[in-house]
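Visitor: I'd like to go through this model with you. Can we put it up?

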Amino acid sequence: MTTPPPQEWPIGRLDHVAIVVPDTEAALAVWRDLLGFPLKFSQVVQEGAVRLTHLELGNTDLQLVEPLVPDHPLQAWLAERGVALHHLCFEVDDVDGAFTADSPYPIAAVGDCPHEGTQGRQAIFLDNADTSVVIELSTAP
């Protein structure tokens, strides 16, 4: 039996599961058109570097992540792995304040500052050395 996270670890619900894709329209032909998951929205973020497209899965979203610039790190991800699961994202109340010196999170963040997510949200990735799965924390919509 696994030990639950400490009570003070302020992590919320699973917000989305992200898949890296080379072509959003081709991915939508499968996830929306073939499998029937409704499109919620699609947005280009990070100064035109990434398209994030959300589909409704019921109690969470599927996020299609398409790198739009040739030198984006996710281009290397695609070249190495092809279309694949990239990360799980959980909601938190405050990304900016989550990783201060007295942070309640038992896993370190990757990088110094949050990145731009969809719909004006702030997000940050956690170091996956302990989890073996990339985890993102994002403010709630």
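Visitor: Is glutamate 66 buried or exposed?
Guide: Glutamate 66 counts as buried, at 12% relative accessibility. Buried means under 20% relative accessible area, exposed over 50%, and partly exposed in between, with a 1.4 Å probe and protein chains only. This is a predicted model: local features need pLDDT of at least 70, side-chain atom pairs count only at pLDDT 80 or more, and totals for chains, interfaces and linings use all residues. Residues are numbered from 1 along each chain as its sequence is written, and side-chain values use heavy atoms, with hydrogens and water left out.

Visitor: Which residue forms a salt bridge with glutamate 66?
Guide: Arginine 51, with the closest N and O atoms 3.7 Å apart. A salt bridge here is a side-chain nitrogen of Lys or Arg within 4 Å of a carboxyl oxygen of Asp or Glu. Glutamate 66 is in strand E4 and arginine 51 in strand E3, 15 residues apart. Strands (E, at least two residues) and helices (H or I, at least four) are DSSP runs, numbered from the N terminus. Arginine 51 is partly exposed, with a relative accessible area of 28%.

Visitor: How many salt bridges are there in the whole structure?
Guide: Eight. Lysine 40 takes part in a salt bridge with aspartate 61, at 3.1 Å from N to O. Aspartate 61 lies in strand E4 and lysine 40 in strand E2, so this pair ties together parts 21 residues apart in sequence. Lysine 40 also forms a salt bridge with glutamate 56, where the closest N and O atoms are 3.6 Å apart.

Visitor: And aspartate 61, buried or exposed?
Guide: Buried, with a relative accessible area of 5%. Lysine 40 counts as partly exposed, at 42%.

Visitor: Changing topic. Which residues of helix H1 are buried?
Guide: In H1, residues 24-34, they are Thr24, Ala27 and Leu28. They cover an arc of only 100° around the axis, which puts them on the same side of H1. That arc is taken from the directions from the helix axis to the C-beta atoms.

Visitor: What do the buried residues of H1 pack against?
Guide: Strands E2 (39-45), E3 (50-56) and E4 (61-67). Contact means heavy atoms within 4.5 Å.

Visitor: What follows H1?
Guide: Glycine 36, whose phi is positive, near 85°.
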